[in-house]
Amino acid sequence: MAPDLKTDAAEAFNRVQMSNLGMSDLGNDFAALEPRAGQWNRLVERACTNTVFQTYQCHASWWHAFGQGRRLLVLLAEADGELVGVAPLMYSEQRVLGLRQRVVEFIGARSFDYCDFIVEQARPEILSILL
């Protein structure tokens, strides 16, 4: 029997309350996330994809060097005061098939060896919330 993704997502959403899922329009100010750097890196240690490319410092460095002309779109999921998920995204306007389009992609896309949602390994349901 195929998993019921809608039910799984709804259950996950109930476990991580809406007030604990935040999306902020940070503009180009990655430094606004610096107070969460320690939690971000501890989350990376608990994630399946524990690589240098998921660390706060890697994202912050990339943003500082290449973020011009893009806007941050970072989603943070928190449970019991601890970060349990990060969607390190950005958006920009690009030409796609000759038309200007808004494009959402991972911070560091086409530069990092590995981009991913950062989700605590013991809580895979958080991914459904971030999506």
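Good morning. The model is predicted, so local features need pLDDT of at least 70 and side-chain atom pairs count only at pLDDT 80 or more, while totals for chains, interfaces and linings use all residues. Residues are numbered from 1 along each chain as its sequence is written, and side-chain values use heavy atoms, with hydrogens and water left out.

Let me begin with the overall fold. The protein has four helices and five strands. Here helices (H or I, at least four residues) and strands (E, at least two) are DSSP runs, numbered from the N terminus. Along the sequence, the pattern reads α-β-α-α-β-β-β-β-α. Of the 131 residues, 43% are buried, where buried means under 20% relative accessible area, exposed means over 50%, and partly exposed lies in between (1.4 Å probe, protein chains only). A contact means heavy atoms within 4.5 Å. Among contacts with a separation of 6 or more, 58% join residues 24 or more positions apart.

I turn now to two helices. Two packed helices are described by the angle between their axes and the distance between the axes. The axes of helix 2 (residues 37–46) and helix 3 (residues 56–66) come within 8 Å and cross at roughly 120 degrees. Axes are lines fitted to C-alpha atoms, for helices over the stretch in contact, and angles run from 0 to 180 degrees between N-to-C directions. Helix 2 and helix 3 are therefore oblique to each other; angles under 35 degrees count as roughly parallel, over 145 as roughly antiparallel, 65 to 115 as roughly perpendicular, and the rest as oblique. Helix 2 contributes A37, W40 and N41 to the contact, and helix 3 contributes Y56, Q57 and H59.

Next, the aromatic residues. How many aromatic pairs does a search of the whole structure find? The search finds seven. Rings of Phe, Tyr and Trp (its six-membered ring) pair if their centres lie within 6.5 Å; planes under 30 degrees apart count as stacked, over 60 as edge-to-face, and the rest as tilted. The ring centres of W62 and F66 are 5.5 Å apart with planes at 45 degrees, so this pair is tilted. Because W62 and F66 are four residues apart in helix 3, about one helical turn separates them. W62 counts as buried, at 6% relative accessibility, whereas F66, at 46%, counts as partly exposed. The pair of F106 and F117 is edge-to-face, at 5.1 Å centre to centre and 70 degrees between the planes. F106 lies in strand 4, and F117 lies eleven residues away in the loop between strand 4 and strand 5 (118–119). Both F106 and F117 are buried. Ring pairs also join F30, W40 and Y56 into a cluster.

Finally, the strands. Strand 3 (residues 82–96) and strand 4 (residues 99–106) pair in the antiparallel sense over eight bridges; two strands pair if DSSP finds at least two bridges between them. V96 stands opposite L99 in strand 4. Two residues lie between the strands of this hairpin, and L97 takes a positive phi near 55 degrees.

Not counting residues up to four places away in sequence, L89 touches L72, L73, V74, V104, E105, F106, I107 and F117. L89 and L75 are 14 residues apart in sequence and 7.6 Å apart in space, C-alpha to C-alpha.
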